[in-house]
Amino acid sequence: MRRIIIGMALSLVVVAAVACSGGSGSPTEAAAPPTSTPPSARATQPAIAPDLQDDSKSDVSAGASGPTQGGIFNTLWSDPPTLDPHLVTDGTSYGIVIEVFSGLVRLGSDTSNPFEPDLAESWSVLEGGTVYEFKLRNGLTFSNGDPVTAQDFKWSFERAAHPDTASTVAEEFLGDIVGIHDIVEGNATTAEGIEVVDERTLRLTIDAPKAYFIAKLTYPTAFVLNKNNVESLGRNWVDEPVSTGPFTLKEYRIGQRIRLARNDNFWDRPAYLDEVVFNLAGGVAMAMYENDEIDVTGVGLADLERVQDPTEELNKDLVEVPPNFAVSYVGFNINEAPFDDANFRQALNHAVDKQLIADQVFSNLVKPAYGIIPPGFPGFSADIQGLEFDPELAQDLLNQSSYADAGSRPRIVLTVPGTGGSPGLTTEVVADMWRQNLGIEIEIQQVEWATYIQDLHRGRLQAWSGLSWQADYPDPQTFIDVLFRSTSAINYGGYANSQVDEYVVNAQTEQDATKRVQYYNDAEQIVVSEAAWLPLWWGVDSKALVKPWVQDYAFSSLTIAKFKDVWLDK
Amino acid sequence: MLAYIVRRLLWTPVLLALAAFFVFFMGTFAPGDPAELRLGNRATPERIERERERLGLDDPIPVRYFRYVGDVLKGDFGDSYHYQGRPVLEIIAPRLWVSMQLNIAALIVAICIGLPLGFYAAKKQGTGRDPAIVISMLILYAMPVFFTAPFLILFFAVKLHWVPASGWGGFFSLQIILPALTIGIPGAAVFVRHMRASTLEVIGQEYVRTAHAKGMSNFVVNYRHVARNALLPILTIMGFTLAGMFGGSLIVELIYGIPGAGRLSLDAIFQRDFPVLTAFVLLGAGMLVLANLVIDVAYTIVDPRIRLQ
Amino acid sequence: MTSTTPTSSIVQDLPKSRGHWRNIWANFRRRRLAFVSLILISFIYLLGIFAPVIQTHDYQETNLRETQQGPSTDHWFGTDRAGRDLYTRVVWGIQTTVIITITSFVTGSLFLGVSIGLVAGYFRGWIDAVIMRVGEVISAFPDILLIILLAATLRPRITEFARDVEDSTGISGLVSSGIVDYVVIGIALLPLSWFGMMRLVRGQVLVLRDAEYVQAARAMGTSTPRILFRHILPNVVSPIIVSVSFGIGAIALSEVVLSFFGLGVQPPRPSLGVMIGEVTARGGASVSVLRDHPEQLLAPIIVVWLLIFSWNIVGDALNDVLNPRAR
């Protein structure tokens, strides 16, 4: 689950990045040069992001004739670290794997129904929420014609958890199932929590009622693999996988390209496209698009003006991409001076004119964030009182703080990831606003991603930027609880407020949805007022270009398998 | 000479072993933990510990080093950290092959432009054309690739649509043209300079003057005597150019989106993918040593006056 | 390169070397292009050195109401996306280049390269062998990769160390003034600079140490350091100068590449490489920028271009003037 998104929103290329997470399918857009694979891979694709809005279909109107079969769709992508679904941890791999493999359920595209049946035609929740019984579709087969049975799922789950598989996320996504933990630890090979009732019925027992359990099954760790295929080919099986998704893997050349071909044994209507080609080598996306080498691309900030000019040829291809549910921010280490003083943090918040930055630097593609939970996301409240730009108030707060005197103020080092993605222009602008409005000088430290992530984990960063947080699942818990509960591992700044802790703990067990959201909003208000962070931007309205002959290419806030509906009108 | 070759070859493994040790040393010294990078930001300390154990990162450096050397001697360069579970060679080999093809194409560009132009400039010494050629080639030589690459893309791909903007399609594809030009043109400038210098030297030699005196046609003198002898020193330059090209042309690969060795190794540094990096350094150093040896030996064959010590 | 064997004239000339250098300078001045290049280089370097004086704005001052402007009387080269003045950033970027070229040349090439070369060439034997082998190992790495690897791994340690020093001694500004960056880049560039110079000097010394006048000095009981520095070094100066003038362009370019990848100079301090990396989004947006806002890309690039070009011309001319026999 990629919760950390490197600060694309901070970069010059914010739009492109978001276009990617929106699913334009070009993570290596101008935004992310190929060198940046490690961070940007995580950056550009949300792992599980909820889609609470309808898919905004691209505005290309379907021609008079219906969908036609055939054609090759070309897109830019970056090199996925793995194509083994059970090992996937990053967005780059995720985006390809979900086109090839599938599991019991998938993320839906509808607010009322965030999860759709995939290989399972239905499921029921029994025993007060601890038992899930899935009914598989009739006549399911793998791409090679082998039938898919409940036994295949049992084997796959146990394989994912097995230490030899070396999945780093198996425990996270499957660990709720009784017995999986023992397999991960190497103490067992089968899990009693996975029962094969009959060929088409699978029963999962989890250790406690957990409403979000079904969400975890949409992740590739819970996808079904063909035992024969995996065991006979050894570790090279991913080069010739047998799969259940709308496409099969036809060719994989590391660093060069991936070709997917239509899976004619797909349980649903087969895809229209003959092939989808992911160009992994990268390049100048916009130039490639203009040269008809790729069919879709995100629009980088550098190209925005030109593309928005109505007299430009490209303007006809311009499509809006719905925002993703992410918030980017400047984080403060609450345990270190001067950030241990709330007045000081509030002063920093009030001193930054986010609206101006959004207007002038990002051409309004980012939306200033005054709270934590992004608009449109469950639990978003318009009533949260943010810390607005107010230089005088900021100065007053600074004077009230214990660090008003510049001479005795400790050194402030703001760390940004320096490689991968673009240099943090936002950081420099924000730092300059602090300097101009408060007279606070800071040092900006650029470090490599590898160093950054390590220092962040160890709590060694005094203040950091260049990150944004992407929702894992459509629940405010993914923002408020995970980020600000004092005992959460992801609470890098060490923020601790007993009232916040109480609210989020109450919310965990609260059955009444409205009350539960209220708990989160109350907690959010405290976090915002106490300036635990300096929230910068919420997910971005971005733009993409789609060739006129591409039909039914859907952009959505989350990454879902999308190529099965695409057809070409050439 | 055989003794010399044997001595050089014997030295190679020592050099490689030292180079590998250097990478190992940098690896432990560098901040950033491969296990942590793989697990992402959500990992618990226990999970990180388990992963470190699995990757064998907890053993002392000498232990890891000798285990690695042992594996390499058996032909096993280990598995990549980043490309989960992929053998390193499987990842490196195709990338190296791409870089080599690109660099050979670039060398061809450099030779085709550089040698005739250098020769021409030398023949025109004393006229305005000689300095014009030399200076314009120097201007091209000094042109930063940060400008050359986007300029060529903008002009030939986006505006004229003559060639694809970027990507890789193999040696015999249109895609190779722009990157080969980008690398090859500065290379051509180097060749012009050397070809011109060595041609001038040869022109002054007595046998050339004798040939002219004997009434041989200009063409014969030019090609049989001048050009051929002038090419000798070029051989060294060529060798160095090829060897230097091995590192991959990082920025060119980056901007054109070419899946070459330069980018792979850069990614390996940033991803702390030490198995890939070490193997890359070993292969690179090995090839460099071999290339130098071949050049030296070739030199003695072409010019018997040179002796290897 | 064919070595300049010490002719008797040079040996005799030693005391009146002032005249020798004046001759060379006169020769050099006759080459008009080279002379102009040298003036150009001096001009660019002066721009950098006097950056604080000739700047028109503050290099980190953002002005969000004047972003992405073309050249104007207020902003001679225009402004970048954050509204910072490009001219000011370019001259400060040049200052970075100047500092880095000088420091890494003084430490790497001149100090390390020359002294190790002298030692290796003069003593030969196992010292020479060890030095050469180490050099070969280092030069077996692809240059730019080694530089990046060193910069990436060294920076955090060195910065941490510098902060500790600042905190414990009360000295301030080590990190914020960029000194740490220069040290990191200087060290990272060492492998690029020392070995070539060392090999050059060593080769010269190998020839010179057996020259009659050196043997004579040895026979007279002159101490080894004195032989090295009084008798041998002055005769190696010419090739050193040529090599330095060719190498400076390469060093400047390496700094640009490092900063381009975010491993060089830290923001908000400008460097030509940082400017290029920032505006092209590390390469990906380079075509778009060149098309829509060429001044943002060209301002730093033209400076780099001019520098490398001029140094090459100067190097060529020096080579002709100083090593008339070498081609």
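**A two-chain predicted model: questions and answers**

Biologist: Which residue in the turn of the hairpin of β6(A) and β7(A) has a positive phi?

Modeller: This is a predicted model. In it, β6(A) and β7(A) form a hairpin, with 4 residues between them. One residue in that turn has a positive phi, about 55°. That residue is E127(A).

Biologist: How many bridges join β6(A) to β7(A)?

Modeller: Strand β6 of chain A covers residues 120-126. β6(A) and β7(A) run antiparallel. S124(A), for instance, stands opposite E133(A) in β7(A). The number of bridges joining the two strands is 6.

Biologist: Which residue in β9(A) is the bridge partner of Y132(A)?

Modeller: β7(A) also pairs with strand β9 of chain A, residues 201-205. That pairing is antiparallel and has 5 bridges. In β9(A), Y132(A) is partnered by L204(A).

Biologist: Which residues make up the covered face of strand β7 of chain A?

Modeller: Strand β7 of chain A spans residues 131-136. Its uncovered face holds V131(A), E133(A) and K135(A). The covered face holds Y132(A), F134(A) and L136(A).

Biologist: Why is one side of β13 and one side of β14 of chain A left without a neighbour in the sheet?

Modeller: Three strands form this open sheet, in the order β13-β21-β14, with antiparallel pairing. β13 (296-298) and β14 (318-321) stand at the edges of the sheet, so each has one side with no neighbour there, given a single partner strand.

Biologist: What is the average twist from one strand to the next?

Modeller: The sheet in question is the open one, β13-β21-β14 of chain A. From each strand to the next, the twist averages 30°.

Biologist: Which residue in β21(A) does E320(A) stand opposite?

Modeller: β14(A) pairs with strand β21 of chain A, residues 542-546. The two are antiparallel and share 4 bridges. Opposite E320(A) stands K543(A).

Biologist: How far apart do the C-alpha centres of domain 1 and domain 2 of chain A lie?

Modeller: The domain assignment puts domain 1 of chain A at 102-244 and domain 2 at 326-538. Their C-alpha centres are separated by 37 Å.

Biologist: And how far apart are those of domain 1 and domain 2 of chain B?

Modeller: In chain B, the assignment gives domain 1 as 2-88 and domain 2 as 92-308. The distance between their C-alpha centres is 34 Å.

Biologist: Which element supplies the largest share of the side of domain 1 of chain B that touches domain 2 of chain B?

Modeller: The contact involves 21 residues of domain 1 of chain B and 18 of domain 2 of chain B. On the domain 1 side, α1 (2-29) and α2 (34-39) of chain B each supply at least two residues. By class, that side has 13 nonpolar, 6 polar and 2 charged residues. The largest share, 10 residues, belongs to α1(B).

Biologist: Which element gives the largest share of the side of chain B that touches chain A?

Modeller: Here 42 residues of chain B contact 43 residues of chain A. Elements giving two or more residues to the chain B side include α3 (45-55), α5 (88-123) and α11 (250-256). That side has 20 nonpolar, 12 polar and 10 charged residues. The largest share, 5 residues, comes from α12(B).

Biologist: Which helix of chain B has the lowest confidence?

Modeller: Chain B averages a pLDDT of 81, and 91% of its residues score at least 70. Confidence is highest in helix α7 (residues 145-159), at a mean of 92. Where pLDDT is low, the predicted coordinates should not be read in detail. The lowest mean, 69, is that of residues 218-245 of chain B, helix α10.

Technical notes. Residues are numbered from 1 along each chain as its sequence is written. Chains are lettered from A and ligands numbered from 1 in the order in which they are written. This is a predicted model: local features need pLDDT of at least 70, side-chain atom pairs count only at pLDDT 80 or more; totals for chains, interfaces and linings use all residues. pLDDT is the predictor's confidence in each residue, from 0 to 100. A residue is buried if 20 or more other C-beta atoms lie within 10 Å of its own, exposed if 12 or fewer, and partly exposed in between; C-beta atoms are placed from the backbone. Two strands pair if DSSP finds at least two bridges between them. Domain bounds come from an automatic or database domain assignment. Two residues are in contact if their C-beta atoms, placed from the backbone, lie within 7 Å. Ala, Val, Leu, Ile, Met, Phe, Trp, Tyr, Cys and Pro count as nonpolar, Asp, Glu, Lys and Arg as charged, and the others, Gly among them, as polar. Axes are lines fitted to C-alpha atoms, for helices over the stretch in contact, and angles run from 0 to 180 degrees between N-to-C directions.
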